Amino acid sequence: MGQDVPGEPALLVGDHLALDFINTEYGEADLHREVLQSDQAVLDWLRTVGLFDADADGDADADLAAPRGLLTLARKLRTNARALVEAARRGEEADPAVVNQVLGQGSRGTELRWNAELGAFEATRRAGRGDAAELLAPIAEALVELLSAVDLGLVRQCEGEHCTLLFRDLTKSHRRRWCSMASCGNRMKVAAFRARRSGA
């Protein structure tokens, strides 16, 4: 594996939260990239995808300290998620231990509460503890939805050379081949064009 490059950008090309999370590690050999390099990097990624907003919880400190073990659990969850998606695409069984751990420990659950202002009951999420499992639970829930309710025939790996990014093909024709036309798609088309010209 190549060296991690600091400050790798989040590539949100998966068209599904679980795939975007798996894609926080991508590339092969010297092109290997790691987005989740620290607890803070995990929080930054969660902010980028709209899963973490310290201000929304009434915390004025936008750089809230990450809970203990966030990076370690995030990487374990990602490894388990990738293995599950790859196994499911092959129609094989795999152990969802880490996903189930995050779901069991992190789910805030829903409870029914009376809203006196509205004069009615409403469903609310239980107050959270702010630990690593709770922050990552929405990703585990997205993975459950991906593996149980999405046509995995539409989950593909980019055909670009050395690209490992996964995506959900939502095109009408279901013929998407690249993580992004602007990057891998363009590179591969230019390479094909050059190969045709040199063979002429």
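What share of the contacts in the chain with a separation of 6 or more is accounted for by residues 24 or more positions apart? The share is 57%, where contact means heavy atoms within 4.5 Å. This is a predicted model, in which local features need pLDDT of at least 70 and side-chain atom pairs count only at pLDDT 80 or more, while totals for chains, interfaces and linings use all residues. Residues are numbered from 1 along each chain as its sequence is written, and side-chain values use heavy atoms, with hydrogens and water left out.

**View 1. The whole chain and its order of elements.** The chain has six helices and six strands, taken as DSSP runs numbered from the N terminus (helices H or I, at least four residues; strands E, at least two). Read from the N terminus, the order is α-β-β-α-α-α-β-β-α-β-β-α. Of the 200 residues in the chain, 37% are buried; buried means under 20% relative accessible area, exposed over 50%, and partly exposed in between (1.4 Å probe, protein chains only). The accessible surface is about 11600 Å², and carbon and sulfur atoms hold 50% of that area, by the Shrake-Rupley method with a 1.4 Å probe.

**View 2. The contact of helices α3 and α4.** Helix α3 spans residues 70-90 and helix α4 residues 97-106; their axes come within 8 Å and cross at roughly 130°. Axes are lines fitted to C-alpha atoms, for helices over the stretch in contact, and angles run from 0 to 180 degrees between N-to-C directions. The two helices, α3 and α4, are therefore oblique to each other (under 35 degrees is roughly parallel, over 145 roughly antiparallel, 65 to 115 roughly perpendicular, and the rest oblique). On the α3 side the contact involves L73, K76, L77, N80 and L84, which meet A97, V98, V99, Q101 and V102 of α4. By class, this contact holds seven nonpolar, two polar and one charged residues; Ala, Val, Leu, Ile, Met, Phe, Trp, Tyr, Cys and Pro count as nonpolar, Asp, Glu, Lys and Arg as charged, and the others, Gly among them, as polar.

**View 3. Helix α2 and its packing.** Helix α2 covers residues 39-48, and A41, V42, L43, W45 and L46 in it are buried. These buried residues pack against α1 (17-22), α3 and α5 (132-149). G50 follows α2 and has a positive phi, near 80°.

**View 4. The largest nonpolar core.** This core has 45 residues, of which L36, V42, L46, L77, L136, L143 and L146 touch the most other members; a nonpolar core is a set of buried Ala, Val, Leu, Ile, Met, Phe, Trp, Tyr and Cys residues joined through side-chain atoms within 4.5 Å. At least two residues of the core come from each of α1, α2, α3, α4, α5 and β6 (166-168). Helix α5 gives the largest share, ten residues. Leaving out residues up to four places away in sequence, L143 touches A18, A81, L84, V85 and V99.

**View 5. The surroundings of L166.** L166 lies in strand β6 and counts as buried at 2% relative accessibility. Beyond residues up to four places away in sequence, L166 touches partners including G14, L19, I22, R82, V85 and R156. L166 and R82 are 84 residues apart in sequence, with their C-alpha atoms 9.6 Å apart.

**View 6. Two histidines with positive phi.** H162, in the loop between β5 (155-157) and β6, has a phi of about 65° and is partly exposed at 39% relative accessible area. H174, in the loop between β6 and α6 (181-199), has a phi near 55° and is partly exposed at 37% relative accessibility.
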